[in-house]
Amino acid sequence: MWRNDDARGLAEIERALRDDPLSAICAGHASIGMVLLGRHDDALLAAIRSLELNPAAFSSHLAVTFARTWSGDLAGALAAAGPALQMSGRHPWVLATMTQIFVAMGDRAKAEAIHQELLARAATGYVQCTWLAMSALSL
């Protein structure tokens with residue numbers, strides 16, 4: 001159940017980071033939580049920490065891509081998406097975020113091409129509806 005309990009959520013994020021300070025996954029999840037709380041600077045710091053802890057992890061690159069996108073650093077988000085795309089085989093999470101980035105940058109043609117890629121993949125395999133919807137919504 002969604003409770004909108006920001007204070008409790010933040011306390012859990014801080015506890016996870018304190019309990020496992022060397023976990024790239026904890027730092028990445030903390031980044032996403034901080035974005036949802038509107039704490040974009042903290043989100044980016046946590047995402048960068050995740051990447052420092054494990055530069056080979058897709059989740060770390062994804063966290064940086066998300067944090068930069070949601071903070072409005074579109075060029076930085078696009079740069080961060082490159083390694084995430086490469087190491088993940090063009091994961092739908094990254095592609096849907098790139099649709100959002102390209103729309104915000106005013107490059108609708110690239111955004112539409114990525115959305116079409118997601119739709120084509122969904123026709124032959126599993127693509128989470130959340131990411132299809134996010135891509136469509138961006139357009």
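**Helix packing and nonpolar cores in a predicted model**

D5 is partly exposed, with a relative accessible area of 40%. This residue sits in the segment before α1. The model is predicted. The protein chain has an average pLDDT of 93, and 98% of the residues score at least 70. Helix α1 (residues 6-19) has the lowest confidence in the chain, with a mean of 87. The highest confidence falls in α7, at 97.

Helix α2 spans residues 24-36 and has 13 residues. From its first C-alpha to its last, α2 reaches 19 Å. This is close to the 18 Å expected at 1.5 Å a residue. S23 caps the N-terminal end of the helix. A side-chain oxygen of S23 lies 3.3 Å from the backbone nitrogen of I25. Just after α2, G38 adopts a positive phi of about 80°. The buried residues of the helix are A24, A27, G28, A30, S31, G33, M34 and V35. Packing partners for the buried residues of α2 are α1, α3 (40-53) and α4.

In soluble globular proteins, nonpolar side chains tend to be buried together. The largest nonpolar core in this model holds 17 residues. Within it, V94, M98 and L118 touch the most other members. At least two residues of this core come from each of α4 (58-71), α5 (74-88), α6 (92-104), α7 (108-124) and α8 (129-138). Helix α6 supplies the largest share, five residues. Another core, of twelve residues, lies apart from the largest one. Its members include I13, A47, V64 and A67.

The contacts of L118 can be listed individually. Leaving out residues up to four places away in sequence, L118 touches P92, L95, A96, V127, W131, L132 and S135.

S138 belongs to helix α8. Its relative accessibility is 18%, so S138 counts as buried, the cut-off being under 20%. A polar atom of the S138 side chain lies 3.0 Å from the backbone oxygen of M134. S138 also touches T99, Q100 and V103, with residues up to four places away in sequence not counted. Buried S138 thus contrasts with partly exposed D5.

Methods: Residues are numbered from 1 along each chain as its sequence is written. Side-chain values use heavy atoms; hydrogens and water are left out. A nonpolar core is a set of buried Ala, Val, Leu, Ile, Met, Phe, Trp, Tyr and Cys residues joined through side-chain atoms within 4.5 Å. Buried means under 20% relative accessible area, exposed over 50%, partly exposed in between (1.4 Å probe, protein chains only). Helices (H or I, at least four residues) and strands (E, at least two) are DSSP runs, numbered from the N terminus. Contact means heavy atoms within 4.5 Å. pLDDT is the predictor's confidence in each residue, from 0 to 100. A polar contact is a pair of N or O atoms within 3.5 Å; within protein, one must be able to donate a hydrogen and the other to accept it, and residues adjacent in sequence count only if both atoms are side-chain atoms. The expected span of a helix is 1.5 Å times one less than its number of residues.
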